[in-house]
Every structure is written in C-alpha cells, then in structure tokens.
Amino acid sequence: MTATGLPVDQRQIIDLITTLVAAGQPWCENSLDGPARPPEEVRIAEPVARLLREWGFDVTLVGRTPTRPNVIAMRRFGSGPVLMLNDHLDTYPSGPPSRWTVCSESPYRAVELGGRVYARGTSDTRANLAALLTAAKRVAADPPESGTLLVVLTVDEERNGVDGSCYLLENNFIAPDASITVEPTAWTEDGRWGIALATAQTGHALLDITARGVASHIWRPDTGVNPAKFLVDALADVTAVPVADWPISIVGLDAGEAGMAQFTPIEARARVAAVNIGPDVDSADVLIAFHQRLAALAPAGIEVSVEYVPGPTFVAGTLPVAVAHPLVQAIDAAYADVVGEDVRHYTKPAFNDTIRFRHAGIPAVTFGPGDDGWAVYDESIRVEATVTAVHILENAIRRFLT
C-alpha cells in the first residue's frame, strides 16, 4: 500500500504493458551501429502524451525532427523541488521473428506466461515505462502539496541519446533538481529477486579494428602474413586479459573477398564493444590503449588501426550520486517501506539516459523492474516486480517532493 491507500491493479499493469509493447513497433527500433530504418518514435510518443494530458500534466513534444519527438510532461503541485522521471521510447531491434519461441506470432504481441510478460521491449523498456506512468498517474490523482513532477520520455536512447537526452540538455528544455531513470535494475539470486538502485554507471565504446597483412596463396601460407589469423589470436588475447580492465564483446568479424578463396586475405576487420569504462576516461584514451596493445601483439608484416564506429559510439561512465543525497535517501526509505528490506546499491554496467543527465550535473539514478541483463530473444519481465516498482516509485516521489 502507498499514500493513495490503494493497491496497484495487476491486470491494469499487464494491459498497459501489452499496449505499450505494440505501440509504434517496429518503427521504434534503434541500433547502436545504425538502425535498419529511420526510427519514428512519434508512433508511441503521441499516445503516451495523450495519457499524460488526461492525468493533468502539461505536455509538449520537442525534437530535432517531427518523427522523433521527446515527451516533456509537467505537473506542478506547489513550491519545492523538481523531480524528473525518465524513460525512453525506442527499443533495440527484435531480430528475425522466427527466433522468438514464446512470442511465436510476433515479437511485439505480448504473451503472459508463468508470472512474466514476454515481448520485445518488456524489460527494456515498455514495462518499466508502464511502471513509471502508473506511478505518475497515482501521484497526480492524489497530489502532494509541494514540488513538481516532470516526466521526460526520450527518443534515441538505444543510440546513446543524441536526439533524445543530449538534445534536451543542449537546448535547456529540462533542468530538474534530481532524476530517476526507470530502466532495468532488477536482480535474481538463489530463488529470490529484488530491484537494485544504480547510483553510478559505467561507459562503453564501439570500435572498428582493421589489420592489414601480406596475402599468400593457400598452398604457401608461409609466404604471407595472415591478418585474419592475427585478429583471431589478438582478440583472444584481449578477451582473456582486457585492455585497461575494459571487457570486450566481439560483435562482428570480416575477412576475405568473394572469388578470392585461393588466397589469404590482405585485410581483416573486427567490431568490438568495450565496456566498464569509467568517468575519468576520454575517447582518445580508449583508441590509444587499444592500438598500443594490438600493435604490441602484431608480428612483422601486420599493420593495425583502431577507430570508432561512426556515430555517438563513445560514452564515459559517471561518478556515483552520494548516499546522503535526498533522492537516494527517498528511494532507500521507500524500498524499505514497501519491500521490508534494504535496497542494494550498485554501479550499472550499461548506458541509459542517466549517464547524460549525470554528465550535465544532475543528480540522477537508475531504478526499475526490468531484469539487469538483456535477452536477445524471448525478452520478458516479472509482473510482480513491475507492480512492486510502482509502489516504490510512488512512495519515493512523495518523499522527495515533500
């Protein structure tokens, strides 16, 4: 129970998740290395904006382009602090529908099974958005006497926020006193589960590595220097012992040319994602560190280059929000009130808009019911966690605003 005196209706939450999952898809897909189609988050921004207006919020839609509007909704209750609730409107791509087993009809047609809801965007982030919206609706229905609640829903989060959070900050559309991004922070351990509080986040980089060697005929490999073999060996090395403690995921490999199978390749390429990048690292540091490591591994005859994948593909991490900050204190108290346990604090190893807000000096944290781990297919979220998150968010909002 929370300040409204009413429990959250689980059926209403499931229905809202189902509606949000289908809204705007697949036009809202957005890939870090370039979307397959130009995203059009307007297809979900407009229906969500209508809901917020119905609940008494003043709503505006702003963006670099009409098809990619960010939603800014404000409800002022009285003098006092401004708290922002944030989530995003795009999702990452679903991939081929044939690879989905639970959602066999469509990745965007939600399926309830075993206390979970399955579909693309459930954990990241349509169900988190459902929790945010429900908490905002409940606060607006029984308003506090002070403070302002700001709901900011962004585009382009899956591509590091250039048209979303970055655009809003660059143009001074938002300046809250504190922010909660309602994104996946849930955990499961030994049959138990909970929702953690991320007070800091690590950054990441998406890199293209190119090795050039000396081609040879396949019958005489001793006469050449194979860049594909070098990359395989070098990537194994930097996977086993990460460069500067930045673990990598290899997301692409390419070598050879059509019609040239009698010869070893003259060039080989790899695309890697480096993660766990801290707040004190700049983009040049990453390029230098990877190039030095790979060049040291290269035999004579191999030249190595490292560059960023085009686009906003480097993001530094953030410093933590202090435990004593009123926002952290409000969430700590709300979690203990609703769950009866202390909330876990941690550093989230992934990008979301919290990072952009922290870089702009806003005290921002991440807290949401999605699983803190990303399913490639058969993505899902625990319904009970979503309901619990609504209670905690409402409780925390009221504590902070008063």
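I began with D156, which is found in the loop between strand 6 (148-154) and helix 4 (165-170). Helices (H or I, at least four residues) and strands (E, at least two) are DSSP runs, numbered from the N terminus. I note that this is a predicted model, in which local features need pLDDT of at least 70 and side-chain atom pairs count only at pLDDT 80 or more, whereas totals for chains, interfaces and linings use all residues. Residues are numbered from 1 along each chain as its sequence is written, and side-chain values use heavy atoms, with hydrogens and water left out.

**Entry 1: positive phi**

I looked up the backbone of D156 and found phi near 65 degrees, a positive value in a residue other than glycine. Is D156 buried or exposed? D156 is buried, with a relative accessible area of 4%. Buried means under 20% relative accessible area, exposed over 50%, and partly exposed in between (1.4 Å probe, protein chains only).

I then turned to D245, in the loop between helix 5 (227-240) and strand 12. Its phi is also positive, near 65 degrees, and D245 is not a glycine. D245, however, is exposed, with a relative accessible area of 59%.

**Entry 2: helix 1**

I checked the length of helix 1 (residues 10-22): its 13 residues should span 18 Å at 1.5 Å a residue, and the end C-alpha atoms are 19 Å apart, which agrees. The expected span is 1.5 Å times one less than the number of residues.

Which residues of helix 1 are buried? They are I13, I14, L16, I17, L20 and V21. Seen down the helix axis, these buried residues fall within an arc of 165 degrees, so they line one face of helix 1. The arc is that of the directions from the helix axis to the C-beta atoms. On the other side of helix 1, I found Q12 and T19 exposed.

The buried residues pack against several elements, including helix 2 (42-54), helix 3 (122-141) and helix 9 (383-401). Contact here means heavy atoms within 4.5 Å.

After helix 1 comes G24, whose phi is positive, near 80 degrees.

**Entry 3: cis peptide bonds**

I recorded a cis peptide bond from Q25 to P26, with omega near 5 degrees. P26 is found in the loop between helix 1 and helix 2. The peptide bond from D124 to T125 is also cis, with omega near 10 degrees, and T125 is found in helix 3.

**Entry 4: I302**

I located I302 in the loop between helix 6 (283-297) and strand 14 (303-308). This residue is buried, with a relative accessible area of 10%. What does I302 touch, not counting residues up to four places away in sequence? I302 touches A211, R212, G213, V225, N226, P227 and F230. By contrast, I302 and M74 are 57 Å apart in space, C-alpha to C-alpha, and 228 residues apart in sequence.

**Entry 5: the largest pocket**

A pocket, on a 1 Å grid over the protein atoms alone, is an open set of points where a 1.4 Å probe fits, with protein on both sides within 12 Å along at least five of seven lines; lining residues have an atom within 4 Å of a point. I noted that 32 residues line the largest pocket, and that L32, Y92, E158, H204 and A273 lie nearest its centre. Strand 11 (203-212), strand 12 (248-255) and strand 13 (267-277) each supply at least two residues of this lining.
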